Amino acid sequence: MTIDEIKKVLLEIIQDIDDEADLENLNPADALRDQLDLDSMDFLDIVMELRKRYQIQIPEADYPQLATLDSCVNYLIPRLKAA
Amino acid sequence: MRKYPLLIIGGGLSGLAAGIRFARFGQKVLILEKHSKAGGLNSYYYRKGRLLETGLHAITNYASPEDKHAPLNRLLRQLKIPRRTVKLRQQKTSEILFPGRANLCFSNDFSMLQLQIAKRFPGSVKQFAQMLTEIDAYDAFAPRPKVSARTFVATFLQDRLLLEMIFCPLMFYGGSDEDDMDLSQFIILFRAIFQEGFFRPEGTIKDLLGLLLQQYKNFGGEIEFSSGVKEILTENNRISGIRTDAGEVISCDDLISTAGFPETKRLFSVPEAAAAFSELPEDKTSGRLSFLESIYLFNKSARNHLPEDRTIIFYNLSEKFSYRRPDDAVDLNSGVICFPDNFERNRQGDTIQMRVTHLANYEKWLHAYQDADTSRYPAMKTDWTERSRKVLGKIIGNCSENIVYEDSFTPVTIERFTSRTQGAVYGSSEKIKDGRTYFANLYIAGTDQGYLGIVGALLSGVTMVNQHIFNKM
């Protein structure tokens, strides 16, 4: 997958978790949590949805690497290369 | 032999929520429900063509859609139910009524209770505010040893009357201990009832259960009704599966039991496994608090007598409020009077419903039920319902002549239909807060895990799957 494709998938997943999330004004370099008003239970859903769609395992220790949209993409690039 | 990654005992609210959560990410899961309907303690039945709810007075933890971190809204997101698709009706005003001494009204606007306390207990305003600061800062979900909530509240509120009035609704709507409760439970209930407040979904509990069942099935979840679990099977210190009442063995990777803690222990037929699960004897873990509940339907003329602006009245007549198993079959000195029609946007139907709850003694009702003279139990029901009506007459006025239908259920009824030992609707006084058990792949969810009420039960199911099962996969 390309960077843009990964970004698109992530935004789609977030939108699916909270259909009122303001994605238009999302700053990719800032923490998702602060911008989206979501909590740790919602973030678990992003991880679970990625697992369901692409069978990738994200260990809990790696969750901090999913803090911003940019860091998520960077984390996922090598893992979704073949997807 | 059938095999599932996850089996769930019980199709009540916590079991359904756990099932939805697990099925949502494409996993196979089976719920086994003993009864012919879903809902557990919050179910429904039909009498003379009318649908009657078994347990629901009101749901706690009201939150407006904008408050994204509120337990109710977090829960709905986790179940993937869009908040705006569920229509909620907020309560009007509820009241804590200790006749001849004091009354306190509260609504979903917490300031009403604060103003009422300022008016009736001016000397306690400062202490109440200090207690609130402590409550707001308290993490009630962190596992920690049991602490007496009574002692905590008494360090702030020197006025015993105010203390008892604050405890009264919280105990009636969630107390599993006699005359006290664990501080975490107190704080969960205080927020759920006073700070967030009561609501009802549009329709009945059947509609809410229908929504949850549909969501579960949409995600591919399976549920079997009239399918009790006879036995939990173990192998090498792990749960290997269950045997149903019909004799089928179903194996699983993980098992969530929502049957209750002592009730789950009973499902181990091998004594060593039961002892490993819990060494506590059943009389130490079974809840002692159960209720007599009467449901009344009045004709429209009763509208002239009944309060239209009261949703729930929590009353106490005795000098000292007592929340414990009574010596008599029923304790009429206190109770809950609920008007399920008195929520906002109510359509006026052809009848008005009232539900009345009193503390009841399980043993007394059981003895009557088991008596060789089969007329004794129904006669006892009639007798106590009549006595209850007399007491209610003094509180809300006499409406006996307007009754078009009435039905009552006792601790024995509750035990028979929900499998909760001794009809203890709020479960064991020992809560398993982290949901873990001796067996690494068996978890407790629901009332005995310690989240309370309908929102609590649903959150319990969600949390157990999030914390324990998703992590292992």
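Student: Which residues does B:Phe314 touch, leaving out those up to four places away in sequence?

Tutor: In this predicted model, B:Phe314 touches B:Ile96, B:Leu97, B:Cys168, B:Pro169, B:Phe172 and B:Val336, with residues up to four places away in sequence not counted. B:Phe314 also belongs to the largest nonpolar core, which has 129 residues. Together with B:Leu6, B:Leu7, B:Ala18, B:Leu189 and B:Leu458, B:Phe314 touches the most other members of that core.

Student: And what lies apart from that core?

Tutor: Another core, of 14 residues, lies apart from it; among its members are A:Leu32, A:Met48, A:Leu50 and A:Leu69. In soluble globular proteins, nonpolar side chains tend to be buried together.

Student: Staying with chain A, where is A:Leu66 found?

Tutor: A:Leu66 is in the loop between H3 and helix H4 (69-76) of chain A.

Student: Is A:Leu66 buried or exposed?

Tutor: A:Leu66 is buried, because 21 other C-beta atoms lie within 10 Å, and the cut-off for a buried residue is 20 or more. Leaving aside neighbours within four places in sequence, A:Leu66 is in contact with A:Ser71, A:Cys72 and A:Tyr75. From A:Leu66 to A:Val47 the separation is 19 residues in sequence and 9.2 Å in space, C-alpha to C-alpha.

Student: Where in chain A is confidence lowest, and where is it highest?

Tutor: Confidence in chain A is lowest in helix H2 (residues 32-36), with a mean of 88, and highest in H4(A), at 95. For chain A, the mean pLDDT is 91, and 100% of the residues reach 70 or more.

Student: Changing topic, what is the strand order in the open sheet of chain B?

Tutor: The open sheet has seven strands in the order S7-S6-S14-S15-S16-S13-S17, and the pairing is mixed. Its edge strands are strand S7 (102-106) and strand S17 (403-409) of chain B, each of which pairs on one side only. From one strand to the next, the twist averages 20°.

Student: Which helix lies across S17 of chain B?

Tutor: Helix H14 (residues 411-418) of chain B does, lying also across strand S13 (290-298) and strand S16 (352-360), and H14 runs at about 95° to S13(B).

Student: How many bridges join S6(B) to S7(B)?

Tutor: Five bridges join strand S6 (residues 93-98) of chain B to S7(B), and the two run antiparallel. B:Ser94 stands opposite B:Phe106, while B:Phe98 has B:Ala102 as its bridge partner. The two strands form a hairpin with three residues between them, and B:Gly100 in the turn has a positive phi of about 85°.

Student: What about S3 and S4 of chain B: in which sense do they pair?

Tutor: Strand S3 (residues 44-47) and strand S4 (residues 50-53) of chain B pair in the antiparallel sense over four bridges. B:Tyr44 stands opposite B:Glu53 in S4(B). This hairpin has two residues between the strands, and B:Lys48 takes a positive phi near 50°.

Terms used: Residues numbered from 1 in each chain as written. Chains lettered and ligands numbered in written order. Predicted model: local features only at pLDDT ≥ 70, side-chain atom pairs only at ≥ 80, totals over all residues. Pairing = 2+ DSSP bridges. Buried ≥ 20, exposed ≤ 12 C-beta atoms within 10 Å, placed from the backbone. Contact = placed C-beta atoms within 7 Å. pLDDT = per-residue confidence, 0-100. Axes fitted to C-alpha atoms, helices over the stretch in contact; angles between N-to-C directions. Core = buried A, V, L, I, M, F, W, Y, C linked by C-beta atoms within 7 Å.
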